[in-house]
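Welcome, and have a look at the model below before reading on. The notes after it are meant to be read alongside the structure.

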Amino acid sequence: MNKPDAKSNLNIMTACELIKRLGSKEITSSQILSALQAKIKETDAKVKAYVRVANPVDNPKTQKPGVSGALSDIPIAIKDNICTDGLNTECCSKILEGFKPPYDATVIEKLKAAGAIILETKTNMDEFAFGSSTENSCFGPTRNPWGLECVPGGSSGGSAAAVAADEAIMALGSDTGGSIRQPASFCGVVGLKPTYGRVSRYGLIAFASSLDQIGPLTKDTRDSALLMNVISGYDPKDSTSVNKEVPDYTKALTNDIKGLKIGIPKEYFIEGIDPEVKAIVVDAVEKLKSLGASCQEVSLPHTEYAVPVYYIVATAEASSNLARFDGVQYGYRAEGVKEKLQSLINMYNNTRGKGFGEEAKRRIILGTFALSHGYYDAYYLKALKVRTLIKQDFDKVFSQFDCIVAPTAPTVAFRIGEKINDPLKMYLSDIYTISANLAGIPAISVPCGFAKNGLPVGLQVLAKPFGEEMLFRVAHTYEQNTPWHLEKPKVS
Amino acid sequence: MEYQAVIGLEVHLHLKTRTKAFCGCSTEFGSQPNTQVCPVCLGFPGSLPVLNKVALDYAIKTGLALNCKIQEYTKFDRKNYFYPDLPKNYQISQYDLPFSKGGFLDIDLDDKTKRIGITRVHLEEDAGKLIHKEDSSLVDFNRAGIPLLEIVSEPDINSPQEAYEYLSALKSILEYLEVSDCDMEKGSLRCDANISVREKGKTQLGTKAELKNMNSFKGVKDALEFEINRQIEMLESGEKIIQETRLWDIKELKTVPMRTKEEAKDYRYFPEPDLPPFIITKDKIEEVRKGIPELPREKLARFAKDYNLSKYDARVIVFSKRYADITEKRMKEYPGKDKKQVVNWSTGAILSEANNLNCPPDELKIPGGDPELIGLIKSVEDGKISHLVAKSVFTESISNGKLASVIIKEKNLFQISDSTSLDGFVEEAIKENPKSVADFKAGKNNALMFLVGQVMKKSQGKANPKIVQEILKGRLVDA
C-alpha cells in the first residue's frame, strides 16, 4: 500500500486528505494539479479516461480565484454529457462535434461556487450514455486500470477509470440504469446514484429524463458524501428536482450499523450471476452481519421485468430527447442534396445517419417503435405499469428493512469486444442496477473484494427515496472495516 | 338534394404573458430575429422547461370563461415531429389530460342564440418562424416557446356564418379576459377548421377535410364557403371525398390539397418527463375565477336593461371591453337627464371618427378628454348648440386638437333661439320660396321642413330648429 507523503503523488489522495493538507498550507492547488498532470501523462495513453485533449490539466478551468468553499482547490473530472460553459461537451458523439454549451450545468455552478477546479477535458463515456462498457464512444474505448484488456464498465467508464487510476481526485458521472455504479464496481471505486430529484439535471444532456441522475465517483465514501453535500439540492431550473433540505452527509459516516435490518433480495443471486462474484458478495453480507446488522432474505418479485421495462421507457424517452440533434442549430451537420424539396430531409438523414453511432441508432429506433401509434399501449403504457409494480416491491421491503444489499453487477469487468456485438448480453450487465432508476431510489456501489483474476467486485446498497444517509452509513461502515478501497491498480 | 355542413374549429391563441411558457424570455412581437432566446427555448442540450405560472393562470381563466371544467390532475405531453422551426423536434403540449374540457360558447344568430360545445382547451408552446429566401431558409426562434392555447370546438357549427360568429364571440371574450391580443395578422390567433357535409337529416358524419392557412375571420368564412361547395359538388357527381388536409390559397381563393390521411404524421405522444404532472387546486380555480370580469354577453344584457339600449347599440358598444368600460364611465359621469345621448355619440360620431383615423374607438384621442366630450353632448341637450354644429365641432377638434369648447366660442356657434335674431332669416326664406309656402298652406307638411332647412342654412346651422319651426308656423298660419 502506498502511503501518500511525497508531494509528487498527491494525485492518489482523496479530496478529504487534500483538503486537510491545503488547510494547513502543507500543499498548494498547483501541486495537486501537477501531480495529476504527471500521472495522466504516465498512464492515460493506456487508460484513455479523458477525451479530446492530451492532457486535461494543462489549462484547468476554474472559478475566479478567491472563491472558497467545501471543495476549494480540488480538481474534478466531469463526464462528457454534463454542460460546462465554453468547454466542449459532446456526449462522446460525432453529432455533437465542437459543441460548447453557453452555460454551466447547475452541478457545475455549485462546484465552482464551492471552489472546485473543473478540468477542461471531459471523461469518456458510451455515446449519450448508451452502454455498459464505454466502448460506444466516438473517441474509442476506455480501458480498465485493473486490466487494460477489460472494459471499465459504463457508461461513466471514463470517470470511474480516471478515479481508479488516480488520474482524477474525484469525478462526476451520470446514472440512468447503472452508469455510475456498474463502472464503479468494475473499477473498484465508490459510485453513488442519488434519489431521483436529489441532484439537479439542469445541464445534463438527457438520455432518459425520468431515470437520469448525476452522481459522484470517488475513492471512498467520505469523498462521496462530501461531493453530495455540494451538488445536491432543489433547483428552480429543474422541475423534477425536489425541494427538500440537504443534510450534511458526512455526519452519516458513523462506522456503526448495529441493529440495522438489511434485506438481501433473493432474485439478485440466481442465474446469470458469476459464482465468484456471488461468493464475494455473500462474504460481504457476512461481514455486515459481523458488524452488527441483521440480514434477512427478501423478495423483489418483479425484478425479472426490470430490464425489458427499462429498455422500453429509456429508449422511448431517448428517441425524443435525441430528436433535437438534427444539424440545424449546433454540432455536426452533413450537407443535404441541392434539390430544394429534398434538401431538408436529406440533411436530416445524412446528419443523423453519420452523426450517431450504432447503439444510439438502435435505441432511437427501438424507442420510436415503442411510442408509435398502435404499439404505445402494448409497450410504453404497459412498461409504465410494471415500473409502478417494481417501485411497489421496494416500498414493501423498505417498510420493514433499513436498506437492501446486493451485488452491483453480475460479473467482474469483461473483455473489450466481448459483448459489443451482442446487445442483449450487454444489457444484462445492468440487471442489478436498473431497478433503482426505475424506482427512483438511491443506491451506492462500494468495493467488496477481488476476483482471482485481480478484477474488483462491487457491493450495492439501496435505500428508500432520500435515504442517502442510510447508504453512507452502511457503505462507510463496511468500507472502514475492509481493506478493499485502499487497493490501487498498477497500470502498466 | 339538401346538404348540411358540419364544422369544428381549432383555434390557436398566443397568451400575452410577459415571458415565454417554459423560460424567462420576452414575448415581445416584432423584435430583431433571435434576440429573445435562451438555451431553454432554443432546446439546447441539457436545458429543461419550467412552467410559467402566469400562462397557466391565463389558461385556467380562459377555460372558466368558456364554461369548461378545470381538471384537477393534468400533465404535459411531448408531440414529436421534425421541423426546423421546432428547436427540440418535439412540442410540449397536452394530449390525453388537458387542463380543461367540456365547455360551451353561446353565439347570436339572426333569430336565435346557439350553443357551440367546447371539447377542450389545452396549453402548449409555439414553434419558431421560417423565413424563406431564394436558395435557403432562415429560422427566427423569437416565437418559439410563446404560450399557446388550443381551443377545440365540437362539430356544432353548421355554416360559415356561424363559424364567423363563433370566432367573433370567442375573440370578444378573450379580449375581455385580457389574455391575448387575438391579432390574426400578427399570428397571435390562428384558426384551422374540420369540415364535412352530409345529406340533411342524416346523422352519420361525412368524410372530413382539415383546412389550414386562413389568416382572417373572413378568410375562414370564405374557405369554408368554398370547401362546402367543393364537397357538395363531389358528392353530387358521385365522387368520394378523401380525408385530407387542405390549404386555403388566399390568391386563388380556393382550397388545395396538402396531405392525405395516409401521409398524416404519427406524433408519438408520451408524457413529458421533464414536467411532473400537477394538481390544480380548488383554491387556485376560485382565485382565478375572481379575476374574470363581466363578460360580453352579461354586459350586453345589463347595458340593454340599465341604459335602455337597443340590442344593436349595446352590441356595438360591448364588442370591446375597453370601449364598453369607457362608454359606461361617460354615461355615469354625464350630468344631463338623457343618458341616451352618450350612447348615440358612442355608436355614432365617436365610432365614425375612430374609423376615419383607423384606430380602435377606445383609443380615439379627444382634446380635453372626457370632460370636453361630455360638455359638448350636454350643450346639445341644453339647446346651447345644435346637434349638427356639435358634430362638426367634434370632427374639427379631433383633427386640429383644439378644445371643442374653444372652437364653439371662437366661431360663436351658439345656437340662436332668440326669435328676433331669427326673424330676418325666416323672412328671407319665405320670400325666396313661394312655392314651398304655397305647398305648406295646401297642407303639405314636408314643405315646412324644407323651409326650416333653408333657415338653418342661412344661420350656418346655428338656428335652433325647434324655434325656427314655431316662428315659421306662426308666420305662415297668420298670413
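This is a predicted model: local features need pLDDT of at least 70, side-chain atom pairs count only at pLDDT 80 or more; totals for chains, interfaces and linings use all residues.

Residues are numbered from 1 along each chain as its sequence is written, and chains are lettered from A and ligands numbered from 1 in the order in which they are written.

**Domains of chain A**

- Chain A splits into domain 1 (7-260 + 404-486) and domain 2 (304-383), with bounds from an automatic or database domain assignment.
- The centres of the two domains, taken over C-alpha atoms, are 28 Å apart.
- Domain 1 of chain A brings 28 residues to the contact and domain 2 of chain A brings 22; contact means C-beta atoms, placed from the backbone, within 7 Å.
- On the domain 1 side, α12 (423-427) and α13 (434-439) of chain A each give two or more residues, and α13(A) gives the most, with three. Helices here are DSSP runs (H or I, at least four residues), and strands likewise (E, at least two), numbered from the N terminus.
- That side divides into 16 nonpolar, nine polar and three charged residues. Ala, Val, Leu, Ile, Met, Phe, Trp, Tyr, Cys and Pro count as nonpolar, Asp, Glu, Lys and Arg as charged, and the others, Gly among them, as polar.

**Strand β4 of chain B**

- In β4 (residues 77-80) of chain B, B:D77 and B:K79 point one way and B:R78 and B:N80 the other, and all are buried. Buried means 20 or more other C-beta atoms within 10 Å of the residue's own, with C-beta atoms placed from the backbone.
- β4(B) pairs with β5 (residues 90-93) of chain B in the antiparallel sense over four bridges; pairing needs at least two DSSP bridges. B:D77 stands opposite B:S93 in β5(B).
- β4(B) also pairs with β15 (residues 270-271) of chain B, antiparallel over two bridges, and B:R78 stands opposite B:F270 there.

Key
Two residues are in contact if their C-beta atoms, placed from the backbone, lie within 7 Å. A residue is buried if 20 or more other C-beta atoms lie within 10 Å of its own, exposed if 12 or fewer, and partly exposed in between; C-beta atoms are placed from the backbone.
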